[in-house]
Amino acid sequence: MSSRKVMLGMSGGVDSSVAAAILLQQGYEVIGVTLQIWQDMDEEAKKSEGGCCSLSAVDDARRVANKLGIPYYVLNFKDIFNKTVIEYFKEEYFKGRTPNPCIACNRHVKWQAMLDKAVAMGIDYIATGHYAKVMLDPASGRYILKKSVTDKKDQTYALYNLTQEQLGRTLMPVGDYSKEQIREIAKEIGLSVATKPDSQEICFINDNDYGRFLSENSDKKIVPGKFVDTKGNVLGTHKGIVHYTVGQRKGLGIAFGKPMFVVALDAENNRVVLGDDNEVFSDTLTASDLNFISIEKPVDGMRVNAKIRYSAKEAPATIRVIGGQKIRVVFDTPQRAITPGQSVVFYNDDVVVGGGTID
Amino acid sequence: MGNRVIYLDHAATTYVKPEVFETMKPYFCEQFGNASSIYTLGRESKKAVEEAREKVARALGAQAREIYFTGSGSEADNWAIKGIASANKKKGNHIITSAIEHPAIMNSCKYLESEGFEVTYLPVDSDGVVSLEDLKKAVKDTTILISIMFANNEIGTIQPITEIGAFAREKGIYFHTDAVQAIGNVAIDVEKMNIDLLSLSSHKFYGPKGVGALYVRKGVKISSFIHGGAQERGKRASTENLPGIIGLGKAIELAVENMDAYNKKLMDLREQTIEGLMARIPYIRLNGHRTNRLPGNVNISFQYIEGESLLLMLDMIGVCGSSGSACSSGSLDPSHVLMAIGLPHEIAHGSLRLTFGEENTQEDVDFLLEEIPKIVSKLRDMSPLYEAIKNKK
C-alpha cells in the first residue's frame with residue numbers, strides 16, 4: 001500500500017518545520033505548502049519580518065522543505081482570505097464588535113479552503129504546526145480536540161470551530177511535544193529556524209494599529225461620536241467606535257479624574273459607553289454561531305470551564321440552552337470585559353467541548 | 001506513474017543545447033583571457049566575442065556594431081527604456097507602451113513616471129493585439145519612444161510590429177521591441193521592420209542564462225547603462241561574460257538556422273493540444289490570437305477551477321506548466337495580461353500556459369490530452385460553482 005499523503009501548512013517557523021520532520025518519521029508522504037494570503041503593498045511593511053504568511057516565510061519554508069526533501073508549493077489564498085477574514089474583520093469593527101481574525105482564518109482558510117484543495121489533489125490529510133491534539137474518542141465515536149501537553153502554548157482556543165469531518169482529516173503532530181522539545185528536535189535535525197521568535201500580532205496589520213488599517217482599507221467612514229456613562233450622560237468626544245474595545249482603559253484621550261473603562265460600544269448611536277472598574281464585570285453572556293466538538297449539542301445546565309478571549313483564564317460556568325442556535329453562559333463569578341465579537345470556548349478538563357461567538 | 005517529466009514551460013526558460021554548451025566549454029578553464037587585454041589570450045577572447053556579435057547581428061539583419069551584450073533580457077529592456085528616456089528628455093517626456101508588456105518594461109515605465117515622465121499604456125483587444133489606431137491617437141509632440149513587445153510571453157500573441165515600426169519611423173519616434181519570446185520563433189529583420197531597439201535573452205532559445213543583448217540602431221541616442229570601462233563601446237561596462245556571450249552567439253545561430261522546421265513541429269503540437277483540449281473539455285477558452293501566436297504557446301482558461309490546483313496536480317504527474325496566477329514569484333493577483341484581454345478575475349485565475357519546445361513529442365501531447373481532462377473534471381467536481389451549473393442543465 002502506498003503511504004498516506006498529508007498536506008502540511010508551513011510558515012517557515014520552528015513548529016511547522018518540526019511537524020514536517022515528525023510526519024516523515026511517522027511514515028507519511030508530506031507535501032509542504034504555504035498559504036499566501038496577504039500581500040503588503042507599502043515598503044515599510046515589506047521590510048518587517050514577522051507574520052506567519054509573509055514572503056520571508058515562503059523563503060524559510062521552502063528552505064526547510066528542500067532540506068527535508070519534500071515537495072513544496074505556495075498556494076494563493078488571497079481572495080478567500082480577503083473575503084472571509086479581512087472583510088469580516090472590518091465589518092465586525094464597524095458593528096462595534098471586536099473580532100478575532102485568527103479564528104476566522106483557521107475556520108475558513110487554513111481548514112476549509114486548504115482541506116478542499118488537499119482533497120481535490122487526492123491528499124488524505126492536512127496538518128499544521130498548532131499546539132493541540134486531535135484524537136478519536138472510542139466512547140463517543142467523535143473526533144476530539146485536546147490541549148497540547150504544554151498548557152502554556154495551547155492553541156485550541158482558536159480551533160474550536162473545526163467540524164468532525166475536518167478533524168477526521170487533520171493531523172497536529174507537535175501537540176504531543178512541549179515547545180522546548182520541539183526546539184530541541186529542530187536543533188537535532190539541523191533546522192536553522194530553531195531560534196526564530198514565535199509569530200504574534202495580526203499578520204495583516206504590521207504596526208498593530210487597527211484604527212489606521214480600518215481608515216485606510218475601508219470604504220466606510222470612521223465618524224467621531226460621544227463618550228457617555230452608563231446612565232447616558234455625555235462625557236466627551238471619541239475618535240470613532242472602531243478605535244475601542246470593551247475593557248480598554250488606555251488611549252481614551254481624555255482625563256476623567258478617575259479610572260474609566262470602555263463598558264460597551266453602541267454602534268447604532270455611535271457611542272462609546274464608559275464606566276468604572278466594577279461596571280466592566282459581568283457574570284453572563286450569550287453566544288451564537290456555535291460549534292461543538294466533543295458532544296453533538298449542548299445540554300441545558302451542563303458545567304464547563306469557559307474562556308472568553310485568547311489571553312483569558314478559564315472560569316467555571318453553566319451553559320443554558322436558549323433556542324436552537326443560541327446559548328447563555330452563566331459564570332460562577334463575574335468576568336472582566338466580556339467582549340462581543342470575541343469567542344467563548346468551553347473546556348472539560350483538557351478537552352475542547354465547543355464554543356461560539358459572543359453576542 | 002513513472003518518473004517521466006514532460007517539460008512544457010519553454011517560455012520560462014529552456015535547457016542549454018549540448019552543442020551550445022560544447023562551444024562554451026573552452027572559455028571557462030582554458031580560453032579564459034579578458035577580452036580587453038592586449039596579449040594573445042585576451043585577443044582570442046575578443047575575437048570570440050566579436051564572432052558572437054556577428055552571429056546576433058546576422059540573426060536580426062543588423063550590423064555587428066549595433067549589438068550590445070547585456071546580463072539579461074530584463075537588463076536590455078531596462079536599458080532601452082531608461083537609456084532612451086534619459087538621453088532624449090530635452091526632446092520630450094512621453095513614452096508609449098502596451099498594457100501587456102513584461103514586468104521589465106512595465107516597471108521601468110512606472111519608475112520613469114515617478115521621475116516625471118508621462119507613459120501611455122495602450123490597451124489590447126480580446127486577442128491581445130495592440131491597435132494601430134490607438135497608437136496613432138496616443139502620439140504627442142513630446143513622444144520620444146514607442147515600446148511594444150514582439151510576442152507576448154503569456155498568451156503568445158504576435159503584434160503587428162512591421163506596421164508599428166513603419167508608423168514610428170514616419171513620425172521620427174524611436175521604436176523599441178522586447179523580442180525576448182520571439183527570437184527563434186518569428187523571423188525578424190530590424191531593417192524591414194523599422195526597429196530601432198530590440199531586446200533578447202539567450203536562455204529562451206537554448207542558450208545559457210545570465211546573458212542577453214540589446215540591438216541599438218546606429219545613430220539612436222541612448223545613455224550608457226553601466227558606467228565603467230570601455231566594454232560594449234563604453235555603453236555597458238563590465239568584463240565580458242565570455243562563455244555566456246559565446247553560448248548566446250551559437251544558440252541564436254542555431255535558432256535561426258532551424259527556425260522553419262522548429263516552428264512547424266511546435267505548431268503541430270500546439271494545434272493538436274488546443275484542438276484536443278477544446279474538444280474534450282467544456283467551459284474553456286483559448287487566450288491569445290487563434291493563429292497569430294507563438295508556435296509553441298498554448299494558454300487556456302478553464303472555468304470553475306483554479307489554475308494553481310491544476311498546475312500542482314500536473315506537477316504530481318510530472319508535467320511542468322505555468323499559470324496566470326503563479327504566486328511563488330510573489331504576486332497574488334491574476335496576470336495583468338489576462339486582465340488586459342478582458343478576462344474576469346476568476347477566469348484569469350483558472351488559466352494554464354503550456355509552451356512547447358524542441359524535445360517535446362507526440363507522446364507528450366497524447367499524455368496531456370489523456371490526463372488534463374481527468375484532472376479538470378476532478379477539480380470541477382469539487383467546485384460548488386460548477387455543481388450549480390451542472391444542476392441548472
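Let's start inside chain B, where β2(B) and strand β8 (residues 212-216) pair in the antiparallel sense over four bridges; strands here are DSSP runs (E, at least two residues) numbered from the N terminus, and two of them pair if DSSP finds at least two bridges between them. Within that pairing, Phe69(B) has Ala213(B) of β8(B) as its bridge partner. Strand β2 of chain B (residues 67-70) is covered on both faces: Ile67(B) and Phe69(B) on one side, Tyr68(B) and Thr70(B) on the other, are all buried (under 20% relative accessible area, 1.4 Å probe, protein chains only).

Keep in mind that this is a predicted model, with local features needing pLDDT of at least 70, side-chain atom pairs counting only at pLDDT 80 or more, and totals for chains, interfaces and linings using all residues. Residues are numbered from 1 along each chain as its sequence is written, chains are lettered from A and ligands numbered from 1 in the order in which they are written, and side-chain values use heavy atoms, leaving out hydrogens and water.

Now for the meeting of the two chains. Chain B brings 19 residues to the contact and chain A brings 21 (heavy atoms within 4.5 Å). Together they bury about 1,700 Å², 58% of it on carbon and sulfur atoms; that is accessible area (1.4 Å probe) lost on being put together, summed over both.

Two salt bridges cross this interface (a side-chain nitrogen of Lys or Arg within 4 Å of a carboxyl oxygen of Asp or Glu). One of them joins Lys117(A) to Glu308(B), with the closest N and O atoms 2.9 Å apart.

Conventions
Buried area = accessible area lost by both parts, 1.4 Å probe. Buried < 20%, exposed > 50% of the residue type's maximum accessible area, 1.4 Å probe, protein only.
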